[in-house]
Amino acid sequence: MRSVAGVVVLVCTLVAGGAGAEDWEQVSDGDIAIKARPYTAVTGGREVWAEGVLPVSLQDVQAALTDHDNFRNFMPYVTESRLLSRGEDGTRLTYTRLDFPLISDRDYVLRVHDEPVLGADGTQVAFHQKWTPDNSALPERVGVVRLRHNQGSWYFTPRAEGGVRFVYRFIVEPGGSIPGFLAGVGQKDAVLATVRGVEKRALKLAADRAPTK
């Protein structure tokens, strides 16, 4: 577990580094704001930042995002999601396969680290999840394009008036050949669908916990 101050330093470091001087492009400015920019360190790479508010509890959104085996039931485009192993350092090794329209399936292997963030009194005040690629852990599959660069994070903090505020950031390259119009549409639609999928799952977990009358 990490203190609030430690996570703030980490997030500021991620914001400052790696993407070059390109300005952010505002992709969506609704209740979920999305912006993106080229990530020049990776050929064809994009860095995406989404933020907003969800009407869910910290407990339920954390439960949703740490249950990788069930991602295929609520995450968009996911047809296969497996927990491969747990590391001694507390990380999880996960496999995910995606089925997109009009292009070949993609997959990726990630090393995921979950960090409940504690306040000065020892109670949890936020949840931070981050991931990096670990492609050497699993061989590539025939007919599936491996996404070699996929790193990012979720950061959730509860609001006094209810719900949680989130920041969702990731850097990814599309892998293989993708028509320009698909890449542009996916940049917005896939992010919105992912956030809504997490929201829907967290709400279901809350409903399942509610006492029956």
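## Strands, salt bridges and a buried aspartate

Among contacts in the protein between residues at least 6 apart in sequence, 52% join residues at least 24 apart. Keep in mind that this is a predicted model. The protein has three helices and eleven strands, and read along the sequence they follow the pattern β-α-β-β-β-α-β-β-β-β-β-β-β-α. Of its 213 residues, 40% are buried. The protein exposes about 11,000 Å², with carbon and sulfur atoms supplying 55% of that area.

Let's start with strand β6, which covers residues 92-98. Seven of its seven residues are buried, so the strand is largely enclosed by the rest of the structure. In a regular strand, side chains alternate between the two faces of the sheet. Here, Arg92, Thr94, Thr96 and Leu98 point one way, while Leu93, Tyr95 and Arg97 point the other way, and all are buried.

What does β6 pair with? Strand β5 (residues 78-86) runs antiparallel to β6, and seven bridges join the two. Within β6, Arg97 stands opposite Glu80. β5 and β6 form a hairpin with five residues between them, and Gly90 in the turn has a positive phi of about 90°. β6 also pairs with β7 in the antiparallel sense, over seven bridges. There, Arg92 has Val112 in β7 as its bridge partner.

Asp107 sits in strand β7, which spans residues 106-118. Is Asp107 buried or exposed? Its relative accessibility is 0%, so Asp107 counts as buried. Its side chain makes a polar contact of 2.8 Å with the side chain of Tyr95, one of the buried β6 residues. Leaving aside neighbours within four places in sequence, Asp107 is in contact with Tyr95, Thr96, Arg97, Arg141, Val144, Val145, Arg146 and Leu147.

**Salt bridges**

| Pair | N to O distance |
|---|---|
| Glu25 and Arg46 | 3.7 Å |
| Arg201 and Asp67 | 3.7 Å |
| Arg196 and Glu199 | 3.0 Å |

Take the Glu25 and Arg46 salt bridge. Glu25 lies in strand β2 (residues 25-29) and Arg46 in strand β4 (residues 45-54), so the pair ties together parts that are 21 residues apart in sequence. Glu25 is partly exposed, at a relative accessible area of 45%, and Arg46 is partly exposed too, at 24%.

At 16% relative accessibility, Arg201 counts as buried, while Asp67 is partly exposed at 26%.

Helix α3 also holds the Arg196 and Glu199 pair; being three residues apart, they are separated by about one helical turn. Arg196 is partly exposed, with 34% relative accessibility, but Glu199 counts as buried at 13%. Which residues are linked with Arg196 and Glu199 in a network of salt bridges? Asp31 is the one that joins them there.

Key
Residues numbered from 1 in each chain as written. Predicted model: local features only at pLDDT ≥ 70, side-chain atom pairs only at ≥ 80, totals over all residues. Heavy atoms only, no water. Helix = DSSP H or I, 4+ residues; strand = E, 2+ residues; numbered from the N terminus. Buried < 20%, exposed > 50% of the residue type's maximum accessible area, 1.4 Å probe, protein only. Polar contact = N/O pair within 3.5 Å; in protein donor to acceptor, adjacent residues only side chain to side chain. Contact = heavy atoms within 4.5 Å. Areas by Shrake-Rupley, 256 points an atom, 1.4 Å probe, with all protein chains shown as cover. Pairing = 2+ DSSP bridges. Salt bridge = Lys/Arg side-chain N within 4 Å of Asp/Glu carboxyl O.
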